[in-house]
Amino acid sequence: MMRKYPMKWILVLMCLSITAVVILQGIWLMDSYAVSKEKKQADIKKLLDVALIERDRQLADTVRILMQKVVRNKNDFGFRIFDFTKGIQIGFNNGIDNSYAMYDATSRDTLAIHKDPHVFFVRKMSDLTFSELKPLYSATIGINSYPDGSPEKAAQMKLTYFFHSIQDTTYLANAVIRTFADAGQSFIGKVRWYKDLSDIYTKKVVQPPPIKKKSAASREVFGVIPGSDDKQSLGYKLDLLQSYIDSLNVSKDSVFVSKPILNDINDVLRGEVPTVLLSVKTPYTAIGRQMLTGILGSVIALLFVGMCMWVMYNTIVKQKQLAEIKDDFISNISHELKTPITTAQAAVQGLKFVDLNQNPGKTSIYLRTATSEIQRLSLMVDQILNVSLYENGGFQLNPEGFDFKTMLNSIADSQQLRKEKQISVSVRYEAETDVFADKLHMQNVVVNLIDNAIKYSADAVSIAINCRNVANGIQVSVMDNGIGIPAEFRGFIFDKFFRVPDLNGHRIKGYGLGLSYVKAIIEKHGGSIGLGRCGESGTEFIFTLPESL
Ligand code: ADP
């Protein structure tokens, strides 16, 4: 019988290694999730940045066109140029009001200003960004007053209105939607903005109705935060922005980008400096979908590894059992073979010392003993040699119709005559059909079952044979009052060489071939055999035989 502990440990080790693989896979999946998430967020950040640049461009274009309408010739404004530490300051004057713009000498076209400031100004308008146009805007608004109803007045009004409505989120929404659509992303947009910074503190949120777009992998929130005091540093402004973001009830995993849209070249915020804030919720479903193949692959691979391990474990268990069964068989068979050989040897030895003519009686006893022992030996060898033949079905049946009831009764009668135990065999025959089978093999089957019943019972053996008709054949049950078969071994008793381990230490002879022979014969007849009731009070074998072969 197999030793339990080593196998148990192999199983424990297998389970541990599978668990380790599962944990490692889990860690790997979590890592790759984090990487995918970071990548997705970086992509979204890039898109949002693009959206902001696009918005700047849109605004710059609009402002440029409007300003070109207002500033049409050099008489529309006066200007002065001052030195300042980093470059020059251009002042514009309409006689009532002063405005100025600063340009860094290292990066600006200062020479052009000296030659013709108007040309410079107009050229600047055609290639400056929106934030660069801002000082020019502040210089031009209100420089000249145009007559009411004139196209200049209309353009000036439009320019003023345009800057005052800088928080108009439609521009921004359009820029974001277009950028996302171009990148193949979709979303539901929501616009937030604050009238001025003091509203951020008091959390007075003015919330326009949400803008909806088809299909929503994520939810976007974007807003424009107007600036307030131009003396505030950018750092201070960013802190303010952060506290604003914190106050938003937006998932912590949202991606934010922000940009003050009107800070000047020195990053000093001047006048009303609105800040654009865009935020997009991380699209988890999209990340999940991206990872699905990896997750499925891992699960399938794990299942596969688990299955392989299980098959390996079972094979090892089976091999181990087979090795133990083989050992058992060899020790059984050597014992079984040795007995008749020794007896025959003794008989032949005896013959040496007997005068054949003087003592014919003794001589014939010795001869009979030797012959019967050699016959027994030969029978055993035959059985062993035939067993694989029976198992593989490579033998022929010689079926005939015969009276099964008579056969059962005569076997029962002869078995009851056996002297080693007190044996009673009862036969109840209720079947009405004839049996068409190989008589000799069927006889062996029944004798084998009765022989086992006697072997594996106490001294008073009671065997009940029942035979009845079932659909398309007969069913025979052989029930004894013996020691039974422990549940854990019931699945193996029909295996070649298998013997239930002798737990009580009673040495019952046998080499585990009887039941495998019985099964082979029954199956060759197209029938089946199995255990019926089986417990401490006895064992029942039930086999069925079809009516015809
Ligand atoms: P053997 O009897 O030579 O060992 P078998 O193939 O006939 O081999 O039986 C296999 C095993 O099944 C036996 O070793 C025995 O433990 C068990 N067995 C068979 N028949 C019975 C029975 N009637 N009662 C209890 N155990 C049985």
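This is a predicted model: local features need pLDDT of at least 70, side-chain atom pairs count only at pLDDT 80 or more; totals for chains, interfaces and linings use all residues.
Local features need pLDDT of at least 70 and side-chain atom pairs count only at pLDDT 80 or more, while totals for chains, interfaces and linings use all residues. Residues are numbered from 1 along each chain as its sequence is written, and side-chain values use heavy atoms, with hydrogens and water left out.

The ligand is surrounded by 19 residues (a residue is near a molecule if one of its heavy atoms lies within 4 Å of it). The closest are N452, Y456, D480, R499 and L515. By class, the shell holds ten nonpolar, six polar and three charged residues. Here Ala, Val, Leu, Ile, Met, Phe, Trp, Tyr, Cys and Pro count as nonpolar, Asp, Glu, Lys and Arg as charged, and the others, Gly among them, as polar.

Polar contacts are pairs of N or O atoms within 3.5 Å. A polar side-chain atom of Y456 lies 2.7 Å from a ligand oxygen. The side chain of D480 places an N or O atom 2.8 Å from a ligand nitrogen. A polar backbone atom of V500 is 3.4 Å from a ligand oxygen. Of the 520 Å² of accessible area that the ligand has on its own, the protein covers 96% (Shrake-Rupley method, 1.4 Å probe). α12 gives the most, with three. Helices (H or I, at least four residues) and strands (E, at least two) are DSSP runs, numbered from the N terminus.

Strand β14 also pairs with other strands (pairing requires at least two DSSP bridges). β12 (residues 473–479) runs antiparallel to β14, joined by seven bridges. In β14, I542 stands opposite S477. β13 (residues 528–535) is also antiparallel to β14, with six bridges. C534 stands opposite T539 in β14. β13 and β14 form a hairpin, with two residues between them.

How values were computed: A polar contact is a pair of N or O atoms within 3.5 Å; within protein, one must be able to donate a hydrogen and the other to accept it, and residues adjacent in sequence count only if both atoms are side-chain atoms.
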